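This report covers a sheet, one of its helices and a ligand shell. Please read it with the model open.

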Amino acid sequence: MRLTEQVHHHLQKIIQHGDSVVDATTGNGHDTLFLAECVGKAGKIFAFDVQQQALQSAQNHLRNHHITTPVTWIHAGHEHMLKHIPQTLHGQIKAITFNLGYLPHTDKNITTCPSTTLPALKASLSLLKSGGTLSILAYTGHDGGRDEAESVKAWAETLHSDFDIHITVPQNTKFSPPEWICIQKS
Ligand SMILES: C[S@@+](CC[C@H](N)C(=O)[O-])C[C@H]1O[C@@H](n2cnc3c(N)ncnc32)[C@H](O)[C@@H]1O
């Protein structure tokens with residue numbers, strides 16, 4: 001099973017209809033669509049991206065799939081997520097997904113980076129509800145990707161016992177594979 005499929009398989013087991021979730025790196029909306037299918041029309045999604053073009057593409061993607069889940073599209077960096085998500089939902093979010101790197105076929109300079117990713121991950125922990133998951137898929141093949149993956153893993157390893165950490169690093173692959181850091185709040 002591909003790593004992206006493993007991520008979705010895990011999230012599918014955790015997320016239920018009616019849950020509130022966050023897509024921290026919306027891009028073309030493939031993960032947003034997946035999250036919408038998990039939470040259904042009774043759920044809520046908060047979808048962040050620094051590129052308006054990405055949010056537009058994701059909106060079209062969901063419209064083409066006739067998705068009726070309420071999505072709040074947020075044109076801002078995920079490092080500001082605490083101020084964009086209503087206080088009443090702090091501690092109530094079931095899953096937060098990060099898909100690090102740049103949007104394929106666009107400007108490779110607009111990429112996630114540790115100086116904003118790490119504050120966003122810290123903020124994410126305070127949004128999660130008990131039993132919720134923070135999932136980070138870190139691509140390592142582009143400039144800065146390896147450093148970012150390493151800094152996320154180093155940060156995850158400092159977390160205390162309220163969190164279960166699972167790190168999946170595919171072995172024996174010829175190309176730089178993505179790595180998956182999965183943090184579960186107990
Ligand atoms: C690998 S792509 C995400 C792909 C996406 N999950 C999809 O299904 O198409 C990474 C995205 O993160 C966005 N990004 C970069 N820095 C960001 C930040 N500080 N906050 C939110 N999004 C950011 C980029 O604009 C890009 O669209």
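## Sheet

Three bridges link β1 (20-23) to β4 (93-99), and the two strands run parallel. Val22 sits opposite Ile96 of β4. Strands here are DSSP runs of E with at least two residues, helices are runs of H or I with at least four, and both are numbered from the N terminus. Two strands count as paired if DSSP finds at least two bridges between them.

The model is predicted: local features need pLDDT of at least 70, side-chain atom pairs count only at pLDDT 80 or more, and totals for chains, interfaces and linings use all residues. Residue numbers start from 1 along each chain as its sequence is written.

Seven strands make up an open sheet with mixed pairing, in the order β3-β2-β1-β4-β5-β7-β6. β3 and β6 (163-168) are the edge strands, each with a single partner, so one side of each has no neighbour in the sheet. From one strand to the next, the twist averages 10 degrees.

## Helices on the sheet

α3 (52-64) lies across β2 and β3, at about 165 degrees to β3. Helix α5 (residues 114-127) also packs on the sheet and touches β1, β4 and β5 (128-138). The direction of α5 makes about 155 degrees with that of β5. Axes are lines fitted to C-alpha atoms, for helices over the stretch in contact; angles run from 0 to 180 degrees between N-to-C directions.

## Helix α2

The buried residues of α2 are Asp31, Thr32, Leu35, Ala36, Cys38 and Val39. They fall within an arc of 160 degrees seen down the helix axis, so they line one face. The arc is taken over directions from the axis to the C-beta atoms. Buried means 20 or more other C-beta atoms within 10 Å of the residue's own, C-beta atoms being placed from the backbone. These residues pack against α1 (3-14), β1, β2, α3, β3 (71-75) and β4. Contact means C-beta atoms within 7 Å.

Asp31 counts as buried because it has 26 C-beta neighbours inside 10 Å. Beyond neighbours within four places in sequence, Asp31 contacts Asp23, Thr97 and Asn99. After α2 comes Gly40, with a positive phi near 70 degrees.

## Ligand shell

The ligand is surrounded by 22 residues; Thr25, Gly27, His30, Gly77 and Asn99 are the closest. A residue belongs here if its C-beta atom, placed from the backbone, lies within 6 Å of the molecule. α2 (30-39) and β2 (44-49) are the elements that give two or more residues to the shell.

By class, the shell has six nonpolar, 13 polar and three charged residues. Nonpolar covers Ala, Val, Leu, Ile, Met, Phe, Trp, Tyr, Cys and Pro; charged covers Asp, Glu, Lys and Arg; the others, Gly among them, are polar.

Terms used. A residue is buried if 20 or more other C-beta atoms lie within 10 Å of its own, exposed if 12 or fewer, and partly exposed in between; C-beta atoms are placed from the backbone. Two residues are in contact if their C-beta atoms, placed from the backbone, lie within 7 Å.
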